[in-house]
Amino acid sequence: MKTVFMLNLKSSMKDMYLLFWSILMPFAAIVALRMFVPSYSENYIDGLIAVSVFFYSFMTTAFVSLSQRKRGVYNLLHATPMPLWKYIVGVASSWSLIAIILSYIVLLFCIVINQLNLSLMALLFMTPIILVASLSFVFLSFFVSSLVKNEGHLSMTANLLMIPMLLCSNAFFTMEKAPNLIQYISVVNPFEWFLNGIKAALLNNFSIWGQSLLVLIGCFALSLIISLKSFKYSDR
């Protein structure tokens, strides 16, 4: 599992999707907010970090997973004694480590651009939230990639999941005046709990932080089981 972790970590660091979706896009958004709406730019830090991690952990890894299956990489697992769960956990762990690094790069850029003062405790409490959430999203990406046959289907399927999760959250718009149905959806929305966890860590609100972490651990267990049950070695 350690070898799988290291090999996947090295290959992922060379991925252009990583650079564009998870670094350049948040950087552009941070600069644009600072230039055009400076009074609100600090309020979107948690949302930008959450979106960056979400796009990488879900969208990018789903495309990589589909690509590896189409190239027959997963068929090689039949020739090894490694159990499927060890492979999935090894791969997901390397992607989650990158997600944590990306989130701190985005946060550091926010701190520099907006001249923020955040405590070390806040930064440390972000780590378990990002780790558990990114693992959940990676496992979910395995499930989604197993449902489709090509990149076009994957893009549509992923958007059908991601857009409602983003819109039914407080990432960029408040849910206070949203219809009741939308507010109910936000209560069971894993992305909203991820967002709440990051916000609670930054504000040192450990009650909300603990609740968010527990919910995300539940999502982690559920998505791991689903990914193992639905894993597809090939298209045949």
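This is a predicted model: local features need pLDDT of at least 70, side-chain atom pairs count only at pLDDT 80 or more; totals for chains, interfaces and linings use all residues.
Leaving aside neighbours within four places in sequence, which residues is F142 in contact with? I looked them up: S65, Y74, I88, V91, W95, S227 and F231. Contact here means heavy atoms within 4.5 Å.

Residues are numbered from 1 along each chain as its sequence is written, and side-chain values use heavy atoms, with hydrogens and water left out.

Next, the core. I found that the largest nonpolar core holds 64 residues, and F54, F137, F142, F191 and F194 have the most contacts inside it. Such a core is a set of buried Ala, Val, Leu, Ile, Met, Phe, Trp, Tyr and Cys residues joined through side-chain atoms within 4.5 Å. Helix α3 gives the most, with 14 residues. Helices are DSSP runs (H or I, at least four residues), numbered from the N terminus.

Then I checked F137, which sits in α5. F137 is buried, because its relative accessible area is 2% (buried means under 20%, with a 1.4 Å probe and protein chains only). F137 and F54 are 83 residues apart along the chain, yet 7.0 Å separates their C-alpha atoms. Leaving aside neighbours within four places in sequence, F137 touches F54, S57, F58, M165, F191 and F194.

Last entry: α3 and α4. They pack at about 145°, with axes 9 Å apart. The axes are lines fitted to C-alpha atoms over the stretch in contact, and angles run from 0 to 180 degrees between N-to-C directions.

Conventions: Buried means under 20% relative accessible area, exposed over 50%, partly exposed in between (1.4 Å probe, protein chains only). Helices (H or I, at least four residues) and strands (E, at least two) are DSSP runs, numbered from the N terminus.
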